[in-house]
Amino acid sequence: MIKKLGMWIAIVVAIGIVSSVQGQLSIPNYIVGLAILGLGVIVFSFKVDSRLRALEEWGSRKDYSGIIKQLKGERHKPRHQQPESLEAGGAVASGIEPAHHIVFEDFRWFAAVLNLHLPAWAIEELNDTHFRGDHGPAVGRRYKVWYNACQVGTMQVTIGIGRLLERERFKGERSARVELDLTYLRFIPYRDARGLVYQIALLIGASDSEDGEVSRTKAAATAADALGGHLWEAVRAPEFGPSFDFYVDGPYDLLKSVVDDWKKQGIDPMVKWGGDRKRD
């Protein structure tokens, strides 16, 4: 503060001296104007340089070596703590609607499906069914998200927005909302980050049974848009290191198809594979 005050006092004094000299030496006004403009440029450059130095100092104070080591470490093996029911996981009975029970049951193997397709990621279910969602208190399933040996965030599943108003139609027109919150995404390769977001969007979105390429294209576009927006914010405000927040609503057609197929084959992935990748 004192340095800034001294700088502005010096500027005022300098302008006063220039004005006094102009009168004595008959210096043209445009010369004086150029001199003041040059002084302004110097001051502006000084402020920009100070800002850049501050950002560099902030960055140098952050030591991510431990995090990076974990991100490159051995993949975490998920240890699921699946709740037996919504009430067993902490949800209050008075806040549970029939739609919540449907989604809770439909997503019983959601973590197992994701782990099957994501080699570096580990989705680990928690015994927690009552949590804070993007739109207030929510009821559903909750997960830790790991990238190799590092826990990088959380994920949660609840009913789709607006579905409480259509209880009678929910069984025929199901909808779920998945919310993903990640940190340290800047240190994770794009291919792996895209893979996670793509798989979630693909499983939750509407699926075209006749042309799967349409669904895959939509999921790829959703992933690219979400990651592109995060990159923009990270570049725009690097000092804050923004977290990656992503959500998707949809009828989860593909997830339901996979789960139904496992049930027909008598496969319980939580028992057979421990809710993780297939074992040879």
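Five strands form an open sheet in the order E1-E4-E5-E6-E7, with antiparallel pairing; two strands count as paired if DSSP finds at least two bridges between them. Helices (H or I, at least four residues) and strands (E, at least two) are DSSP runs, numbered from the N terminus. The model is predicted: local features need pLDDT of at least 70, side-chain atom pairs count only at pLDDT 80 or more, and totals for chains, interfaces and linings use all residues. Residues are numbered from 1 along each chain as its sequence is written, and side-chain values use heavy atoms, with hydrogens and water left out.

At the edges of the sheet are strand E1 (121–126) and strand E7 (244–250), each of which pairs on one side only. Neighbouring strands are turned against each other by 20 degrees on average, direction ignored. Axes here are lines fitted to C-alpha atoms, for helices over the stretch in contact, and angles run from 0 to 180 degrees between N-to-C directions. Strands of a sheet pair through backbone hydrogen bonds, either parallel or antiparallel. Within this sheet, strand E4 (residues 141–147) and strand E5 (residues 150–159) pair in the antiparallel sense over seven bridges. Tryptophan 146 stands opposite glutamine 151 in E5.

Helices lie against the sheet. Helix H4 (residues 98–106) lies across E4, E5 and strand E6 (176–182), and runs at about 135 degrees to E5. H6 also packs on the sheet, touching E1, E4, E5, E6 and E7, and its direction makes about 20 degrees with that of E7. Contact means heavy atoms within 4.5 Å.

Helix H6 (residues 190–204) also meets helix H5 (residues 110–117): their axes come within 11 Å and cross at roughly 135 degrees. That makes H5 oblique to H6, since angles under 35 degrees count as roughly parallel, over 145 as roughly antiparallel, 65 to 115 as roughly perpendicular and the rest as oblique. On the H5 side the contact is made by Phe110, Val113, Leu114 and His117, and on the H6 side by Gln199, Ile200, Leu203 and Ile204. These residues divide into six nonpolar, two polar and no charged. Ala, Val, Leu, Ile, Met, Phe, Trp, Tyr, Cys and Pro count as nonpolar, Asp, Glu, Lys and Arg as charged, and the others, Gly among them, as polar.

H5 has a further partner in H8: the axes of these two helices come within 11 Å and cross at roughly 100 degrees. H5 is therefore roughly perpendicular to H8. Phe110, Val113 and Leu116 in H5 meet Leu255, Val258 and Trp262 in H8, a contact of six nonpolar, no polar and no charged residues.

Six of the eight residues of H5 are buried, so this helix is largely enclosed by the rest of the structure. The buried residues are Phe110, Ala111, Ala112, Val113, Leu114 and Asn115. Buried means under 20% relative accessible area, exposed over 50%, and partly exposed in between (1.4 Å probe, protein chains only).

Two tyrosines in loops have a positive phi. Tyrosine 184, in the loop between E6 and H6, has phi near 60 degrees; this residue is partly exposed, with a relative accessible area of 29%. Tyrosine 252, in the loop between E7 and helix H8 (253–265), has phi near 45 degrees and is buried, with a relative accessible area of 0%.

Over the whole chain there are nine helices and seven strands, and 38% of the 280 residues count as buried.
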